[in-house]
Amino acid sequence: MKRDEVFQFFERLAEANPSPTTELESGNPYQLLVAVVLSAQATDASVNIATRPLFERIKEPQQMVDFGENRLRDAIKTIGLFNTKAKNVIALSEALIANHGSDVPRTREELQALPGVGRKTANVVLNTAFGEETFAVDTHVYRVCNRTGLAPGKTVDDVEAKLEKIVPQPFRRDAHHWLILHGRYICKARLPECWRCPVIDLCRYKPKTLPPEERVKPKAARSVIRGSSAARTATGPTASPRTAGRSRSRPSRLP
Ligand code: SF4
């Protein structure tokens, strides 16, 4: 994508949502860090359901350590991989107490040294808690960047490196939120909703998806086509739609 197209891409996402942020609920950087660790391979909504009551009583690492792994496991048992995540959250809380005076560190290296914290988690915390211009690449960002041609790459690291290079100001700080939200609500994995997409003319993906009212369901399409073919080929009252010529249904996507 050309430089001016990249600018327009983010300008339009920004117009649609001027103040994007994470959908994970938290009250401070520590709770955000815990929520992001819990969100690996889980939806933000499922994490929020578990953390709402948890974060009412736990706001700092020592409270989490006192709460203990067993009770934490029980509190997050609705989230995937909860056994491992409970272990990691207790271990990272202990590490924060031991090495950082209970504060969440502000560098990628220190964050990634914590149990259960990878590059993506570190990027989200640096961006959302501390306002750094980092580009966390999750499944949504990866898909949107590749589909649209914005920042194609074979790996999440490739995509992150491309985003680092191409995203202009003033969009750098919020870029990853816009991309996540765009992928979650419009450029969906199974069927991108191109007909209501603000960047449809900039996006390289083909074929674009038609609006629902213009898509013909296969079954309905068959009966419509049979009927019209029968009408064309029928020569008298004994003619049957079964004998009518075959036809293909309309494609469900724009060319
Ligand atoms: S036009 Fe379609 S494929 Fe392209 S970004 Fe929009 S929703 Fe995604």
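**View 1. The cavity of the predicted model.** The structure contains one cavity of 30 Å³ or more, a cavity being a set of points on a 1 Å grid over the protein atoms alone where a 1.4 Å probe fits but cannot get out. The volume of the largest cavity is about 90 Å³, taken as the space filled by probe spheres set on the points, with grid points joined across faces, edges and corners. Its lining (residues with an atom within 4 Å of a point) is made up of 14 residues, and Cys187, Pro192, Cys194, Cys197 and Cys203 lie nearest its centre.

**View 2. Helix H11 and its cover.** Nine of the eleven residues of helix H11 (residues 175-185) are buried, so this helix is largely enclosed by the rest of the structure. Buried means under 20% relative accessible area (1.4 Å probe, protein chains only); helices are DSSP runs of H or I of at least four residues, numbered from the N terminus. Among the buried residues are Trp178, His182 and Gly183. The cover includes helix H1 (3-16), helix H8 (119-128), H9 and helix H10 (156-166).

**View 3. Arg143 in helix H9.** Arg143 sits in helix H9 (residues 139-148). Arg143 is buried but has no salt bridge (a side-chain nitrogen of Lys or Arg within 4 Å of a carboxyl oxygen of Asp or Glu). A polar atom of the Arg143 side chain lies 2.8 Å from the backbone oxygen of Gly183.

**Basis of the views.** Residues are numbered from 1 along each chain as its sequence is written. In this predicted model, local features need pLDDT of at least 70, side-chain atom pairs count only at pLDDT 80 or more, totals for chains, interfaces and linings use all residues, and side-chain values use heavy atoms, with hydrogens and water left out.

Conventions
Helices (H or I, at least four residues) and strands (E, at least two) are DSSP runs, numbered from the N terminus. Buried means under 20% relative accessible area, exposed over 50%, partly exposed in between (1.4 Å probe, protein chains only). Lys and Arg count as positive and Asp and Glu as negative; His and the chain ends are not counted. A polar contact is a pair of N or O atoms within 3.5 Å; within protein, one must be able to donate a hydrogen and the other to accept it, and residues adjacent in sequence count only if both atoms are side-chain atoms. On a 1 Å grid over the protein atoms alone, a cavity is a set of points where a 1.4 Å probe fits but cannot get out, and a pocket is an open set with protein on both sides within 12 Å along at least five of seven lines; lining residues have an atom within 4 Å of a point. Contact means heavy atoms within 4.5 Å.
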